[in-house]
Amino acid sequence: MNDLDGSGRPAPARLIGRDGDLAFVRSHLACCPAHGATLLLTGEAGIGKSALLDLLADEARREGVCVLRAGGVQFEADTSYTGLNQLLVPLFDTFDQLDPSHRDALRVAVGIGTGPPPSRLLVSTAALLLLRRTAQRTPVLLVVDDLPWLDRATTAVLGFLTRRLAGSRVTLLAAARLPFDCAEVGSFTAHRLAPLDDASACALLARTHPGMTHALRRRIATEARGNPLALRELPAALEREQHTPPPTVLPLGERLQALYSSRVAELPPTSRELLLLTALEGTGDLSVLQGALKTTALGGTDVVETLEPAERDRLVTFSHPARRVTFEHPLIGSAVVALATTADRRKAHRMLAAALVDQPERHAWHLGAAAAGPDETVADLLEQAARTRLARGDALGAVAALTRAADLSPTGAGRSRRLAKAAYIGSDAGGELSDAARLLAGARHADPGSRRSLHAAAASALLLINKEGGIDTAHRVLVCAVESGDHHYDATDEALVDTLFTLIMICWYSGDPEKWAPLFRALDRLTPAPPDPLWVCAQTFADPARTGDRALGLLDTLLDGIDGADADPTLVVRLGTCSYYPDRLASSRQASERLVEQGRAGTAPVRRYLAALLHLCLDHHQTGRWDEALRLADEGLDLCERHGYPFFSCKLQFVKALVAGARGDTATTAALAEEIVRWAAPRGAHGAQALALHVRALGALSDGNFESAYRHTCALSRPGTLPAFLPQAMAAAMDLVEAAVRTGRTAEAAAHAAALRDSAMPRLSPRLHLTVLACEALTTPTDAALVLFDRALSLVGPDDWPFETARVRLYYGERLRRRRATREAREQLALACDEFTRLRAAPWVRRAEAELRVATRATATLPGRSGGPLTAQEWEIATLAATGLTNRQIAERLLLSHRTIGTHLYQIYPKLGIGSRAALRDALAALALEGAGRQP
């Protein structure tokens, strides 16, 4: 077997100084032959990563393993699926073994088929199925060099694969230069290649340059710092240039690039020209390179023959079955490009553009790189490419294309518009707020005398609420752009629609009904009509208690349209927003889960990833999967912290606070509510502050502090009124009614129940209808309340909205007990207790258990000392009073008036033979010691 040094050149015997590394890699791969493994080799440029990959790939081939290879190329990092194309070249003929949808998706992705761009998830799944099918015949080893330079689409596929190799015979071995965060790609075991030690470095020099003096060898070893590539190339350069004595300073990085440049410069002109095409083309596809030559005097030249001098000098190698050419080391490609003049590079890009007319994105990109000055045609092609990338979820790729399009825009207005659009995408979808701010500044500078564009206004608003700006300012910027623009309220104007969606979000955060008026004015003026998602959002998210039911049919239709794996991420998020208040999040759950998975793989924009996480959090909370909701909320909060999205943080904190409040963790509830207020109050985000009021009210209810709960809910919604454009008031409606009832404010409770009944709430969802009927039942003193409770519970299944359902069962059981329907009461209370227990809502468990105990002994009596027996209710009241609770607090616990509690205590004292509250504890203790007085 030939040895390989850091440059990938053959060398005799073995890899010097890498025995330990090879043993580790072989052991790691050998441990997992049946269930897959991943390993990432890391290290500085030239450290020997490629050498190890080559050696291990050769070993695997000799053992009958199917080896599939790909290498990242710096200049092709923005072109989707070029790496996947390299990997799957040997398997092209087996694509037909897949089902048609996966086959076609894979063929389009790797460029051997035509059709609409497939979704990233569909392509990833197809690749996984193909590899698993191949591995049924023979083990598969994927070898990927220069992982950080792979295109983002292929990186996403690899991230998808790394989490699903278990149970397969597919192994992934990759290499990446440092610094590199392998978490961006997937779940890798990483192994760092350290520089060679002094002994190994000297041994390598002795083998490759046996005639070198010992002193010079020590000098080279010191300068190379254990880098095998430098150990090989520095002596060779010294020999070629006949340095005697050698230079005083031999810098490692730049000097090595210069060495490559000198080797390239020695090639014939035609070889250099083709080498430049190879570097700029990026994939090494010989058919593309051959096509690029057709438009030149080299049209009849064979690519392989022309690059033969470069192959002899070990600058490139050919993979003839795959019809590809690759550089022996990425630095060679960098040196080739650095050596070329600007005119040379532009010419090469024009040639490649001509060869790639059937690939619009790559064609546009090369035209953009070839342009010498402003060119509106090319700028428009790049803008179209950006639109395609954004539809695939590649927000950062779209920003890159728009930025280049802006550079080529002939007018300041065009440049400003494209930069503003890039800034909006960066802030709204990409998660790159610092870049968005820079792009926005560039847009203003490009056309300072014009009115601010719509996308610039939307980007400004998003940046304002994520930084230190206020809601009022963001709202003013948006309204000014909408009402003073030259868009003519064209409903097909993408920028206008994006801006109006942003305005909806800002209005919600404001919590100010007056701020919604400009939005609805704009909607009324849109021609021919507002886009369906925009109109639905305005109905279901702005003021759903009054208008939400109008849009339910259309919302359900739109939600049906995002079931496919290729759903537009932006549409998925917007429809998720529409779905929250009408309880339709379950319908977007699958699409949100896909988006979250893509976000974890690094293929979905951060902002879309966060929004999908939030929607899943809210969905899990409503459906009782509280632990999963907390896990996702923590994941989202970590993203918010790393990417600077505090306006998302308050909603995720809201979910955590709801769970904490219901579970009786008052300290956490208070702390999270304070965090929400700390962000929202200085910015005038009263809509966000409503979230804090809601969780504080729930926490107070759980704690039995009904007076405090009433104050918080009244601050959110005045009794008897559902405030306009404050939809969070619907979510806290039952809290207000319960708090009012338990504090003796029956008129206020009844007024609020009536307002709920007259709203659109009963028509929005079964859960909200349940809430309305339960509130009516709580405020109905007669037996008609029992009918209302029955109707409410008939609307939901056993697993639907468990917390709300359990609360209604608790209220129903309490009412049944008071009506002495003890068997029915026990049934409802037991069901409530079971559900609260499953949710670990401890305060609510205690309440249900206390009611259940009273219902269980409702017919029992306890003998007193002299005045007759104590009833079960009297025993309960006496026990609570003995703990120090006031009459009002006892009344709140038992759903009685404080005057009734006083009457009962007046009757209890003589039965126990005491004259005051202070003697209760001792009297009850003494009674409990007596057999006849023991609690049943």
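A: Let's start with a word we'll need a lot: two residues are in contact when they have heavy atoms within 4.5 Å. Before we dig in, a note on the model: it is predicted, so local features need pLDDT of at least 70 and side-chain atom pairs count only at pLDDT 80 or more, while totals for chains, interfaces and linings use all residues. Residues are numbered from 1 along each chain as its sequence is written, and side-chain values use heavy atoms, with hydrogens and water left out.

Skipping its neighbours within four places in sequence, Thr713 has contacts with Ala697, Ala732, Asp735 and Leu736. You'll find Thr713 in helix H36 (residues 706–716); helices (H or I, at least four residues) and strands (E, at least two) are DSSP runs, numbered from the N terminus. With a relative accessibility of 2%, Thr713 counts as buried. Buried means under 20% relative accessible area, exposed means over 50%, and partly exposed is in between (1.4 Å probe, protein chains only).

Now zoom out for a moment. The chain has 936 residues, and 58% of them count as buried. It contains 49 helices and 11 strands. Take the contacts with a separation of 6 or more: 67% of them join residues 24 or more positions apart.

On to the packing itself. In soluble globular proteins, nonpolar side chains tend to be buried together. Here the largest nonpolar core has 170 residues. (Such a core is a set of buried Ala, Val, Leu, Ile, Met, Phe, Trp, Tyr and Cys residues joined through side-chain atoms within 4.5 Å.) The members with the most contacts inside this core are Leu500, Tyr509, Phe803, Phe836 and Trp844. Helix H24 (residues 494–510) gives the core its largest share, 12 residues.

Let's pick Phe803 and see who surrounds it. Beyond its neighbours within four places in sequence, Phe803 touches Trp626, Ala662, Leu698, Phe836, Leu839, Ala841 and Trp844. There is also a second, separate core of 38 residues, with Leu106, Val140, Val170 and Leu172 among its members.

Rings of Phe, Tyr and Trp (its six-membered ring) pair if their centres lie within 6.5 Å; planes under 30 degrees apart are stacked, over 60 edge-to-face, and the rest tilted. That rule gives 18 aromatic pairs. In one of them, the ring centres of Phe92 and Phe95 are 5.5 Å apart and the planes stand at 65 degrees, so this pair is edge-to-face. Phe92 is partly exposed, at 22% relative accessible area, while Phe95 is buried, at 0%. Phe803 and Phe836 pair up too: their ring centres are 6.0 Å apart with planes at 65 degrees, so they also sit edge-to-face. Those two come from distant parts of the chain, 33 residues apart: Phe803 belongs to helix H43 (residues 802–818) and Phe836 to helix H44 (residues 822–839). Both of these Phe residues are buried.

Helix H42 (residues 784–794) has Ala785, Leu786, Leu788, Phe789, Ala792 and Leu793 as its buried residues. They span an arc of only 160 degrees around the axis, which puts them on the same side of H42; the arc is that of the directions from the helix axis to the C-beta atoms. Val787 and Ser794 are exposed on the other side of H42. As for what covers the buried residues of H42, the list includes helix H41 (766–778), H43 and H44.

The buried ones are Pro533, Leu534, Val536, Cys537, Ala538, Gln539 and Thr540. Their cover includes H24, helix H25 (517–525), helix H27 (544–547), helix H28 (552–560) and helix H29 (569–579).

One last stop takes us back to rings. Tyr509 is part of a cluster in which ring pairs link Trp508, Tyr509, Phe541, Tyr580, Tyr581, Tyr645, Phe647, Phe648 and Trp679. Over the face of Trp508 lies Lys651, 4.6 Å from the ring centre. (A charge sits over a ring if NZ of Lys or CZ of Arg is within 6 Å of the ring centre and within 35 degrees of the ring normal.)
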